[in-house]
Amino acid sequence: MSDTLTVDVLDPSGKKAGTADLPAEVFDVQTNVPLIHQVVVAQLAAARQGTASTKTRGEVRGGGRKPYKQKGTGRARQGSTRAPQFAGGGVVHGPTPRDYSQRTPKKMKAAALRGALSDRARAGRVHVVSGFAPGAAPSTKSALNVLANLSGRKNVLVVVERQDEITWKSLRNVERVHLLVADQLNTYDVLISDDVVFTQGALDAFLEGPAKGRSATAVATASEAAAEEETK
């Protein structure tokens, strides 16, 4: 693996405004597919509300009186109209509120993210722009022209700085664009996007953050996972 990948930085007019370095320890590491799968499954599980709830026969209102006498009717004996076989009765083995979240060590999340970004970078699908609007005002038209110069693919992930309101307002209503702040970048959103576009400031902020990690491979070892567990 090379030390650094280099990509062109485009300005809002679509012209080359310089180059940006993509460090190999983040954008050119081994892609560990099982690790990425585990992290994505955990992320999707954590997004589940887990609020589905049903009542058992002991929780349903009513049914305290025996509906008819025990013998002599020719029908099956019944003790309550709130038994599961009656309409309006309780539910057997129904769902109850639960927490679907799974605990995933931070180093595993960071390693999975590095692996996903490396996969996109090796395919030439990581881009950097100096900005999306030529002036001080938001411009969806200009932002779309910049994206057209970068990629014609359907789904584009644009990573911006938290204070970059111009880019946010320019692209927030574009259907094929998903906007994320640099510190919210995650494996799932990288994987479901065809291209990843960083603003120069967002790239700098991301590389300064904890996602870079200390490992040059997208693998969380057992010792790293154990060390993360001990810090909790």
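A salt bridge here is a side-chain nitrogen of Lys or Arg within 4 Å of a carboxyl oxygen of Asp or Glu. By that criterion, the whole structure holds 6 salt bridges. The model is predicted: local features need pLDDT of at least 70, side-chain atom pairs count only at pLDDT 80 or more, and totals for chains, interfaces and linings use all residues. Residues are numbered from 1 along each chain as its sequence is written, and side-chain values use heavy atoms, with hydrogens and water left out.

**Sheet**

- An open sheet is formed by 6 strands in the order 2-1-3-6-4-5, with mixed pairing. Helices (H or I, at least four residues) and strands (E, at least two) are DSSP runs, numbered from the N terminus, and two strands pair if DSSP finds at least two bridges between them.
- Strand 2 (16-23) and strand 5 are the edge strands, each pairing on one side only.
- On average, neighbouring strands of this sheet are turned by 30° against each other, direction ignored. Axes are lines fitted to C-alpha atoms, for helices over the stretch in contact, and angles run from 0 to 180 degrees between N-to-C directions.
- Strand 1 and strand 2 pair in the antiparallel sense over 7 bridges, and Asp 8 has Thr 19 in strand 2 as its bridge partner.
- The hairpin of strand 1 and strand 2 has 5 residues between the strands, and in this hairpin Gly 14 takes a positive phi near 90°.
- Strand 1 pairs with strand 3 in the parallel sense over 2 bridges; the bridge partner of Val 9 is Val 128 in strand 3.
- Strand 4 and strand 5 are also paired in the parallel sense, over 5 bridges, and Val 158 stands opposite Leu 179 in strand 5.

**Helices**

- Helix 3 lies across strand 1 (4-10), strand 3 (126-129) and strand 6 (195-199), at about 85° to strand 3.
- Helix 4 (residues 140-150) lies across strands 1, 3, 4, 5 and 6, and runs at about 140° to strand 3.
- The axes of helix 2 and helix 3 come within 9 Å and cross at roughly 120°.
- In the contact between these helices (heavy atoms within 4.5 Å), Leu 35, Ile 36, Gln 38 and Val 39 of helix 2 meet Met 108, Lys 109, Ala 111, Ala 112, Gly 115 and Ala 116 of helix 3.
- By class, the contact of helix 2 with helix 3 has 7 nonpolar, 2 polar and 1 charged residues. Ala, Val, Leu, Ile, Met, Phe, Trp, Tyr, Cys and Pro count as nonpolar, Asp, Glu, Lys and Arg as charged, and the others, Gly among them, as polar.

**Salt bridges**

- Asp 28 forms a salt bridge with Arg 122, with the closest N and O atoms 3.1 Å apart. Asp 28 lies in the loop between helix 1 (24-27) and helix 2 (33-46) and Arg 122 in helix 3 (residues 106-122), so the pair ties together parts that are 94 residues apart in sequence.
- Asp 28 counts as buried at 9% relative accessibility, and Arg 122 as partly exposed at 45%. Buried means under 20% relative accessible area, exposed over 50%, and partly exposed in between (1.4 Å probe, protein chains only).
- Asp 119 and Arg 120 meet in a salt bridge at 2.8 Å, N to O. Asp 119 is partly exposed at 35%, whereas Arg 120 is buried at 12%.
- Arg 162 and Asp 183 form a salt bridge at 2.8 Å, N to O, and both residues are exposed.
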